[in-house]
Amino acid sequence: MPTPSTDTPELLSTPDDLRRWSTASRTAGRSVGMVPTMGALHAGHRALIDRAVADNDRVVVSIFVNPAQFGPTEDFARYPRNMDADLAMLAAAGVHAAFVPTVETMYPAGLVTGLDIAGPLGARLEGASRPGHFNGVALVVTKLLVAGIPDRAYFGQKDAQQCAVVCHLARDLDTGVEIVVCPTVRDTDGLAVSSRNVYLSPEERVQARAIPSSLAEAMGRYEAGERDATALATTVRSHLANAGLDVDYVAVVRADDFTEVEKAAPTNQIVLAARIGNTRLIDVVRLGVDTAPVGRGV
Ligand code: AMP
């Protein structure tokens, strides 16, 4: 039976530290769970951590704002960082170790190896809006799995295309790691919890409710029998535009490869990205799987 740690998590700074910690755990017959994060921890991260603590004898949470997955004009420099609060949360959650490397440790000078997520999964939607993003995600996740050799690694459904990328890479590279995808955690008004929500002004935070309510409206139409993917996407798009959001994309996709469908079916996902002022947010619902993220008509 897994036992949450009652001590302060052990602080690991280098991939070698992480490998030694994990090897010692596994040699002692302990299963290892890993939760990769970029810090500024919130209730969504906590849900992944709680699941990992319940499933595994030892849990390591990584906190690393990964420059390789940010574009040159994106928010790497201003991304929220809150290490003291993060470490306090990990201690309260019973996490055994925190892996907190520097950029120089993860990406030393002379690094020549990269990864390429091929096909529509890497190139469409988030991949089109954020060129190179998934290659950066794939590189850091691979490095974490190689050094951390976990039995299981935990990711959030909120970043749906990232989950698909990670599931593919874990299989493609024969990692043997079980990828566990956890449901999206939302605030009471339905907005998915995100480290980037702190960028929103109070007025923008209210405006952001249109994101879950647009998805709820489309789910309502799906449940009423609408199967035309264009009609469902148009519902979301119009709802967001009416609320003054700047829509990046809305699509109805297959969960495994993110190709767009014409007829919506169970397990297909409605994915979206939209801007409110300078803040870009993403969200997703799984048709026939998720309940509506917020009451209809909000
Ligand atoms: P991040 O720190 O934003 O890179 O997120 C680290 C992990 O937490 C990723 O697997 C995310 O998908 C997951 N995550 C972020 N927000 C949520 C949320 N609201 N619900 C569930 N998981 C989340």
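Is D159 buried, partly exposed or exposed? D159 is partly exposed, with a relative accessible area of 27%. Here buried means under 20% relative accessible area, exposed means over 50%, and partly exposed lies in between, for a 1.4 Å probe and protein chains only.

## Basis of the model

This is a predicted model, in which local features need pLDDT of at least 70 and side-chain atom pairs count only at pLDDT 80 or more, while totals for chains, interfaces and linings use all residues. Residues are numbered from 1 along each chain as its sequence is written, and side-chain values use heavy atoms, with hydrogens and water left out.

## Two domains

The domain assignment gives domain 1 (10–182) and domain 2 (195–286); such bounds come from an automatic or database assignment. The C-alpha centres of domain 1 and domain 2 are 26 Å apart.

Contact between the domains involves 23 residues of domain 1 and 22 residues of domain 2, where contact means heavy atoms within 4.5 Å. About 1800 Å² is buried between domain 1 and domain 2, and carbon and sulfur atoms give 51% of this area. Buried area is the accessible area (1.4 Å probe) that two parts lose on being put together, summed over both.

## Across the interface

Ten residue pairs, both at pLDDT 80 or more, are in polar contact across the interface of domain 1 and domain 2. A polar contact is a pair of N or O atoms within 3.5 Å; within protein, one must be able to donate a hydrogen and the other to accept it, and residues adjacent in sequence count only if both atoms are side-chain atoms. On the side of domain 1 that touches domain 2, α5 (119–123), α6 (126–129) and α8 (160–172) each supply at least two residues. Helix α8 gives the most to that side, with four residues. Helices (H or I, at least four residues) and strands (E, at least two) are DSSP runs, numbered from the N terminus.

The rule also finds three salt bridges across the interface of domain 1 and domain 2. A salt bridge is a side-chain nitrogen of Lys or Arg within 4 Å of a carboxyl oxygen of Asp or Glu.

## Salt bridges

Side chains of opposite charge can pair when their charged atoms come close. By the salt-bridge rule the count comes to 20. R26 and D151 form one, with their closest N and O atoms 3.6 Å apart. Because R26 lies in helix α1 (residues 15–27) and D151 in the loop between α7 (133–148) and β5 (152–156), this pair ties together parts that are 125 residues apart in sequence. R26 is partly exposed at 36% relative accessible area, and D151 is partly exposed at 26%.

D159, the residue of the opening question, meets K158 in a salt bridge of 3.9 Å, N to O. K158 counts as buried, at 16% relative accessibility. In D75 and R196, another salt-bridged pair, the closest N and O atoms are 2.8 Å apart. D187, D189, R205 and R209 are linked in a network of salt bridges.

## The surroundings of S195

S195 is placed in the loop between β6 (178–182) and α9 (202–207). With 7% relative accessibility, S195 counts as buried. Its side chain reaches the backbone oxygen of A40 at 3.4 Å. Not counting residues up to four places away in sequence, S195 touches G39, A40, H42, H45, Y79 and P80.
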